[in-house]
Amino acid sequence: MGTRPIVDGDWQEPEVAQIIDAITDWVNRYVKPVARKFDHADEYPFELVEQMRELGLFGATISQEYGGLGLPATVYAEIVWTIAKAWMAPTGIFNSHLMMAACVERFGTEEQKRYFLPKFASGELRGGVALTEPNAGTDLQAIRTTAIADGDEYIINGSKTWITNGINGHCVALLVKTSTQVEPRHRGMSMFIAEKGEGFKPGRKLKKLGYRSIDSAELIFENFRVPKSRLIGGIEGLGFKQAVGGLELGRINVAARGVGLAEAALMDSVRYSQERTAFGKPICEHQAIQLKLGEMTTRVEAARLLVKSAAEKYDAGERCDMEAGMAKLFASESAVDNSLQALRIHGGYSYSTEYDVERYFRDSPLMCIGEGTNEMQKIIIAKQIVERNPA
Ligand SMILES: Cc1cc2nc3c(=O)[nH]c(=O)nc-3n(C[C@H](O)[C@H](O)[C@H](O)COP(=O)(O)OP(=O)(O)OC[C@H]3O[C@@H](n4cnc5c(N)ncnc54)[C@H](O)[C@@H]3O)c2cc1C
């Protein structure tokens, strides 16, 4: 129990190159041309989701044994930054889904794995992870949603917020309290796979600064009955561990999105600064712009290397909470910094919705919040460096 999904795909270099080529081709043909339109309209990209299904993205990190591709985290990270470079938002659709799948694959009973994972891998059943509540995000142990045992079922009451895929998804890995009395509080927490039905419905689709088009929603549970067979792992009290157990891969994910955004901001700036002239020369020949491009380029490369290094450790089955935390912290801050510098380089046009840099600027701060805020990453990194170097 609790072991990492085994990378069971025997992926060789040429096959990996083929996958990345296929994704790049899809991104250039179908994602890039529609990103601005969908983002501005805040419209869900149904066609892209169908294409993601065909590409196998909903099973990217699910073991081949259960119908997935069994991709290593290194390849997965490359896929994520390739897509995020064109449009970050769609990566959230399969990232959140795969976090739910990883929870079942790592912690579920064999019966749960056999039932759910093939459906998740094909994208027939899609969903996400429902942890956050209106009163509790970082402090997950303060959640109030309860699941009370009643014969062969549990009755769930409460609400969740900010849940990715909350409207268009079919199910969620749901964190609840099966006991509000036990101490420490995490011993009273459990996770379920909850499929929408009577008593479980989405609430509002939340309006957002960025990461538009993708549904972030409230979920409402009113006397929602779920069979005991849907308790992940079949034992109460393990929910907190299960919820945080997927965070390493989740952080590598978010970090890869940061790399994509940081690189997009850089490359748009490189192009623009060669085309735009001021005082008789392209602005890339002005030193003030060169200083920005120099910093932006270095950030992209450093972020990419941190993500690669964390993903390699993850694939090798080594502890990588500090490495994933550093990758997430640095890559997300790089996305924010590069987006801001891209705005400066684009001058007045940066404020135009006819350019993409305004979207990078709106999308990038999310990377500093999701999968544990960057404040928390710094604390995790600090604790780890001390623990790994006892006096
Ligand atoms: C677009 C979007 C999509 C999301 N998708 C999902 C999803 O699919 N599923 C899901 O469950 N959640 C999701 N979330 C929620 C997200 O995970 C939370 O917003 C995040 O965990 C932070 O929680 P919070 O918003 O409650 O902030 P809080 O926990 O209230 O934090 C507020 C501030 O206090 C700081 N802080 C809190 N505690 C400490 C501490 N001990 N030490 C130092 N600083 C601290 C934080 O770093 C932050 O700066 C999403 C959020 C957004 C915006």
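Residues are counted from 1 along each chain in the order its sequence is written. Because the model is predicted, local features need a pLDDT of at least 70 and side-chain atom pairs count only at pLDDT 80 or more, while totals for chains, interfaces and linings use all residues.

View 1. The protein chain splits into domain 1 (13-126), domain 2 (128-243) and domain 3 (246-386), with bounds that come from an automatic or database domain assignment. The C-alpha centres of domain 1 and domain 3 sit 22 Å apart. Their contact uses 19 residues from domain 1 and 22 residues from domain 3; two residues are in contact if their C-beta atoms, placed from the backbone, lie within 7 Å. On the domain 1 side, α1 (13-41), α3 (73-84) and α4 (89-107) each supply at least two residues, and α3 gives the most, with seven. Helices here are DSSP runs (H or I, at least four residues), strands are too (E, at least two), and both are numbered from the N terminus. This side of domain 1 has 12 nonpolar, four polar and three charged residues. In that sorting, Ala, Val, Leu, Ile, Met, Phe, Trp, Tyr, Cys and Pro count as nonpolar, Asp, Glu, Lys and Arg as charged, and the others, Gly among them, as polar.

**View 2. Around the ligand.** The ligand is surrounded by 21 residues, and the closest are Leu131, Gly137, Thr138, Thr373 and Glu375. By class, the shell holds nine nonpolar, nine polar and three charged residues. Domain 2 and domain 3 both give residues to the shell, so the ligand lies between them.

**View 3. Helix α7, wrapped up.** Helix α7 (residues 247-275) has 29 residues, and its end C-alpha atoms are 42 Å apart, which agrees with the 42 Å it should span at 1.5 Å a residue (the expected span is 1.5 Å times one less than the number of residues). Of those residues, 23 are buried, so α7 is largely enclosed by the rest of the structure. A residue is buried if 20 or more other C-beta atoms lie within 10 Å of its own, exposed if 12 or fewer, and partly exposed in between, with C-beta atoms placed from the backbone.

**View 4. Val307 in the nonpolar core.** The largest nonpolar core has 115 residues, and Val307 is one of those that touch the most other members. Such a core is a set of buried Ala, Val, Leu, Ile, Met, Phe, Trp, Tyr and Cys residues joined through C-beta atoms within 7 Å. The top contributor is α7, with 12 residues. Leaving aside neighbours within four places in sequence, Val307 is in contact with Ala77, Ile252, Ala255, Ala256, Val259, Ala327 and Ala331.

**View 5. Helix α9 and the glycine after it.** In α9 (residues 321-345), 20 of the 25 residues are buried, so this helix is largely enclosed by the rest of the structure. Just after α9, Gly347 takes a positive phi of about 55°.

View 6. Most residues other than glycine have a negative phi, and most peptide bonds are trans. Yet the bond from Glu183 to Pro184 is cis, with omega near -10°. Asp42 has a positive phi of about 50°, and Glu371 has a positive phi near 55°. Asp42, with 13 C-beta neighbours inside 10 Å, counts as partly exposed, whereas Glu371, with 24, counts as buried.

How values were computed
Near = placed C-beta within 6 Å.
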